[in-house]
Structure formats: structure tokens, C-alpha cells
Amino acid sequence: MLTGRMMDFPLTLTHFLDRARTFFGDAEIVSRQPDKSLHRSTYADFSRRTRQLAEALTRLGVKPGERVASLCWNHTRHLELYFAVPSMGAVLHTLNLRLHPGDLAYIARHAEDRVIVVDRSLLPLLEKFIGEVPGVRHVIVVPDDGPVPEGRLDYERLLAAEPGAFVFPPLDERSAAMLCYTSGTTGNPKGVLFSHRSIVLHTLAECMADTFGIGEADAVLPVVPMFHAAAWGMPFAALFTGAKIVLPGPHLDPASLLDLMAGERVTLAAGVPTLWLGILALLDQAPTRWDLTSVRGMLIGGSAAPQAMIEGFELRHGLRVTHAWGMTELQPVGSIARPRPRHQGLGPSERFALRATQGYALPFVELRHVSDTGEVLPRDGTTMGELEARGPWVASSYFGDEGADRFTADGWFKTGDVVTLDAEGFVRITDRSKDVIKSGGEWISSVALENALMAHPAVLEAAVFAGRDAKWDERPLAAVVFKPGQVATPEELAAHLSGHFAKWWLPDDYLFLAQIPRTSTGKFLKTKLREEHGDHLLKKARGER
Ligand code: AMP
């Protein structure tokens with residue numbers, strides 16, 4: 001091999017900090033506090049405080065590779081942790097504040113967290129599990145909603161005691177930077193350990209014009225929590241480009257978010273479909289209340305964005321949704337549903353349908369789908385199989401020994417998503433493999449049925465899941481939540497679906513619920529639906545309804 005004569009310059013987050021300080025000192029960071037007031041600072045403040053934080057953590061004895069955990073909302077100090085901890089050579093482990101204390105204890109022990117930084121407002125949660133995590137040496141409290149209780153380490157006091165002269169050490173780009181756990185709807189959550197290099201490459205791909213096109217002129221609002229899949233890398237992309245960063249704190253209700261989007265002239269906001277469904281419903285009620293002319297895009301992912309929602313935003317409010325697919329194991333973005341120039345000729349409904357798919361892979365992400373026996377399937381848009389991925393920001397194994405069966409011998413990660421792939425490489429998720437409905441040996445796509453149900457004018461949300469059936473083994477059941485003041489009969493819903501699906505795909509029954517159970521990251525919790533209503537058809541057949 002003739003080796004190229006170019007520098008082996010490390011791809012590390014330290015460079016992001018250097019850029020932020022050198023070029024973007026006056027860029028703004030706006031962070032909403034628990035009392036709803038806005039805290040304003042600049043990248044210059046951020047640079048200084050990040051160095052002070054690294055100094056303080058070093059003084060507390062944090063060593064390279066050790067885990068510093070955060071239990072925080074999206075706010076400025078969390079952003080400081082995002083950069084200070086990895087850049088000093090340690091690993092930031094983001095704890096999901098929506099998890100049960102028992103799960104948090106398991107995860108914090110598994111991760112071997114040595115320090116936990118916690119919002120004062122979340123101290124009651126921490127206290128429920130910290131006793132079960134003996135390895136934690138220090139708890140640092142962020143005074144988000146008031147002064148830090150006596151006897152606790154105070155984040156602000158720790159920083160104030162440091163001059164801010166910390167020099168970040170040179171790092172190997174392959175060193176670990178961040179540890180995020182999967183939501184673990186089945187089995188224990190598993191740790192995904194990002195490296196500096198993987199974060200840098202993911203950031204570059206996210207910022208590309210044909211991905212999210214993030215740049216200095218943007219004002220970015222990651223509504224997606226910083227404790228879930230690194231807020232889809234938005235904090236990294238923003239800091240890398242010098243964009244204004246707007247952080248919502250604990251206020252995630254639609255009106256608060258719309259106030260923030262309008263007030264801070266947000267250009268790009270990112271979150272899960274549930275959140276946007278709430279926002280769309282509010283905008284439909286009060287279409288002129290907020291000036292959203294600054295918004296150029298809303299990034300939606302984490303679960304399938306219903307086509308009716310994408311259409312509703314664009315046709316009724318002139319707001320453009322970009323749908324993306326990903327998972328913690330991909331840090332998380334893997335594909336984006338952006339129509340390409342070659343789709344110019346498509347009619348409006350075909351374009352919307354394309355934008356409701358999971359899209360095609362980002363550069364350097366490779367996708368394929370395989371049968372139960374591991375055979376690579378044709379890209380014909382109809383054959384369903386499990387999606388597999390590989391690339392520089394795809395996990396190569398989990399942190400710890402779990403989940404080895406998710407990695408194939410030939411170097412692919414098994415996503416657990418059941419999909420079709422078409423000739424252009426567009427992915428359409430039909431199910432999570434654990435949620436598939438197998439009726440008489442054939443697969444039925446719950447996601448396609450849900451999307452169609454959510455296009456019915458009376459339906460706010462719908463989740464389709466497998467009900468046990470004496471004859472067919474499993475049959476689809478639909479759990480439906482109506483919009484306030486609206487209803488529809490099972491017959492009307494069936495009639496609405498019948499134009500789009502084969503008869504044997506239609507749900508055997510409709511359950512009208514007040515809400516659909518969700519995971520800690522906002523996905524439909526179908527295991528719970530199955531637990532509670534899985535025998536519905538058997539009971540109905542026995543006349544036990
Ligand atoms: P998590 O690791 O918690 O982000 O969960 C990843 C899973 O969320 C994926 O494997 C998918 O099942 C689901 N998911 C993420 N984005 C989408 C999307 N755009 N459409 C459908 N499902 C999605």
C-alpha cells in the first residue's frame with residue numbers, strides 16, 4: 001500500500017470548543033428555567049464555563065475514561081457537561097429522567113458512574129435510587145429551581161472556584177466520549193458508547209445541506225431530550241456551526257414550545273411525533289397566535305411521523321416537516337426522508353407519501369434487510385425483513401456483555417426494525433420485530449395501519465398491536481384515542497381503512513382509550529397494550545366482553 005501523505009488529525013470534540021471560542025464567541029444560548037424565565041448567555045461564556053467545569057471535575061478526581069452522569073433537563077449547564085466531560089477525556093453518561101428509579105439504579109451501576117450531576121428539581125428522583133449505586137463518589141447539584149441544599153456540592157460554586165485556565169488534553173479520536181442507554185422496552189437497557197470520532201462524523205453528516213443543513217444562521221431548538229440519544233446530535237451540530245441554541249428546560253407543553261419558537265425566532269426544531277401532534281392540534285385551534293415565519297424546518301423522528309401530520313403542518317400552516325429515522329445505536333440518525341430532485345415530477349400526495357417513509361441512508365451509513373435466516377432480501381418495496389446497518393457511527397457492540405446477538409458475524413448491526421427497502425433505497429418501517437403481527441403466518445404492518453387511522457379526522461392517535469386469536473394465532477387490534485369532542489364508530493374506522501388495505505389486514509376490533517401507553521422516550525408501548533388487551537378477541541369470542 002502506498003500510504004497517503006496527509007495529517008492524521010484527530011476528530012475530537014475539543015476542536016468544536018476551539019471553534020466556538022475562536023469564531024462564535026457572540027453566538028447565543030438561550031435556556032428556559034423551571035420558573036419559565038429565559039437565561040441568556042453566549043458561546044464565550046460557555047467556553048469559559050466549560051473549562052471551569054473540567055477543572056472542577058478534575059479536582060474532584062475524575063479520571064480519563066470514567067463516567068460522569070447527568071440527570072438533567074435540556075439547559076445550558078447540560079450543554080456544558082456535553083462538552084467539558086468528553087473533552088477532558090472522561091465519558092458523559094446521560095441518565096433518562098423518565099425512567100423508573102429501579103431502572104436508573106441498574107443503569108447507573110452498570111455504567112459505573114462515579115459522579116452524578118443532577119438538577120435540583122430532580123433531587124427527589126435521585127434520592128429514590130442513589131442509595132443503590134454505591135460507586136458514586138460525588139453528587140453535584142445544579143441550582144435550576146432554587147438554592148442547593150446544605151451539605152450538597154453546588155455546580156455553580158464549584159465553577160466559581162475555578163479560574164477557567166484548563167487546557168484540554170490531546171485525545172485519541174477513538175476514545176469514548178458519551179454513554180447512552182437504549183430505552184429497553186424488552187430486557188435490560190443496553191449501553192451505547194459513542195466515540196469522539198463517531199460524534200464528529202455524525203455531526204458532519206447531519207450538517208450537510210441534504211441532511212438537516214444546519215449552519216451559523218440557524219437557531220436550533222432540540223426539544224428531543226438531551227438524555228435520549230444525545231438529543232439527536234443537535235447540540236453538537238449547533239455548536240460546531242455557531243448556530244444559536246435554544247433549550248426548553250422542563251417546559252415541553254405545546255404552548256410553551258410555540259412561545260419559544262416564535263419568541264427566539266427558531267429556524268429548526270427537533271422532537272418526537274407525539275410532541276408535534278400536540279403542537280399541530282394547538283395550531284389548528286389558534287392558527288394566527290404565533291409568528292412562526294422564522295421556522296424553516298421541523299425534524300421529526302423516534303417513531304413514525306404520520307403522513308396526515310406532515311400534510312397538516314405544511315398545508316394548513318406552511319410548516320415543513322423533515323422525517324428521519326434512527327436509533328441510539330446509530331447515535332442516532334441513520335436515514336432521512338427528503339425527496340430528491342428526481343422526485344420533482346411526483347404529484348403532491350406521492351411526495352407526502354415519500355416524506356412519510358423513513359427515507360434513505362445518510363452518507364457512510366449502509367443499510368440492508370434480511371430474512372429470518374439472514375439472507376439478504378431484494379429491494380423491491382414489498383418484501384419485509386429485518387433492517388441491518390453498518391457505518392462509522394453504528395455501535396460495534398454494547399457496553400458490557402449484553403446483546404452480542406444483535407451484531408452479525410459479517411459486521412452488521414441488527415436494528416430489530418422490520419422494513420421494506422425499495423429500488424431507490426427508501427426504507428419503510430412496517431414494525432419493530434417484537435411488535436409484528438403474524439396472522440396465519442403472514443405479516444401485517446401495524447405502522448401502516450396506524451398511519452392510515454391517524455389520517456381519520458376524528459383520530460388523535462392510534463396504535464395497532466397483535467391480539468391473540470384462536471384461528472389465526474394473531475390478529476390486529478387498534479387502540480384509538482379521539483380528538484377532544486370527536487368520535488367515530490368501529491364501522492366508520494373500518495370503512496376509512498378499507499380503501500387502502502387488503503381485507504385481511506383490517507383490525508378485528510377497535511378499543512377506544514383515553515391514552516396510549518408510552519415508553520420513557522415517547523414511543524407507543526405495545527407490550528403494555530398486549531398485556532392489557534391481548535386476550536380481547538379470545539374473550540370476545542367467549543362472550544366475556
Ligand atoms: P431509540 O434507540 O430509543 O431511539 O429507538 C429506536 C427505534 O425507534 C428504532 O429502532 C425504530 O423502531 C423507532 N424509530 C425511530 N425513528 C423512527 C421513524 N422515523 N419511524 C419509525 N420508527 C422510528
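Modeller: In this predicted model, a cavity is a set of grid points where a 1.4 Å probe fits but cannot get out, and the residues that line a cavity have an atom within 4 Å of one of its points.

Colleague: With that in mind, which residues line the second largest cavity?
Modeller: The second largest cavity has a volume of about 50 Å³, and its lining divides into three nonpolar, two polar and three charged residues. Strand 14 gives the largest share of this lining, three residues. The lining is made up of Arg320, Val321, Thr322, His323, Ala337, Arg338, Pro339 and Arg355.

Colleague: Which residues are closest to the centre of the largest cavity?
Modeller: The structure holds four cavities of 30 Å³ or more, and the largest cavity has a volume of about 100 Å³. Strand 4 (91-94), helix 4 (101-111) and strand 8 (176-181) each give two or more residues to the lining of the largest cavity, and that lining divides into seven nonpolar, seven polar and no charged residues. Of the 14 residues that line this cavity, the closest to its centre are Thr94, Asn96, Leu99, Tyr181 and Phe227.

Colleague: How much of the accessible area that the ligand has on its own does the protein cover?
Modeller: Further side chains reach the ligand with polar atoms: one of His228 lies 3.0 Å from an oxygen atom of the ligand, while an N or O atom of Gln358 is 2.9 Å from a nitrogen atom of the ligand. Of the 490 Å² of accessible area that the ligand has on its own, the protein covers 93%.

Colleague: Why does the second largest pocket lie between two domains, and which ones are they?
Modeller: About 670 Å³ of space lies in the second largest pocket, and among its 27 lining residues the closest to its centre are Gln307, Arg428, Ala448, Asn451 and Phe501. Helix 11 (307-317), helix 12 (348-355), strand 20 and helix 13 (446-453) each give two or more residues to the lining, with helix 13 giving the largest share, four residues. Because both domains give residues to that lining, the pocket lies between domain 2 (359-432) and domain 3 (437-541).

Colleague: Where in the chain is Pro332 found?
Modeller: The peptide bond from Gln331 to Pro332 is cis, with omega near 0°. Gln331 itself, although a residue other than glycine, has a positive phi, near 75°. Pro332 is found in the loop between strand 14 and strand 15 (333-336).

Terms used. Residues numbered from 1 in each chain as written. Predicted model: local features only at pLDDT ≥ 70, side-chain atom pairs only at ≥ 80, totals over all residues. Heavy atoms only, no water. Polar contact = N/O pair within 3.5 Å; in protein donor to acceptor, adjacent residues only side chain to side chain. Areas by Shrake-Rupley, 256 points an atom, 1.4 Å probe, with all protein chains shown as cover. 1 Å grid on protein atoms, 1.4 Å probe; cavity = no way out; pocket = protein on both sides within 12 Å on 5 of 7 lines; lining within 4 Å. Points joined across faces, edges and corners; volume = space filled by probe spheres on them. Domains from an automatic or database assignment. Nonpolar A, V, L, I, M, F, W, Y, C, P; charged D, E, K, R; others polar.
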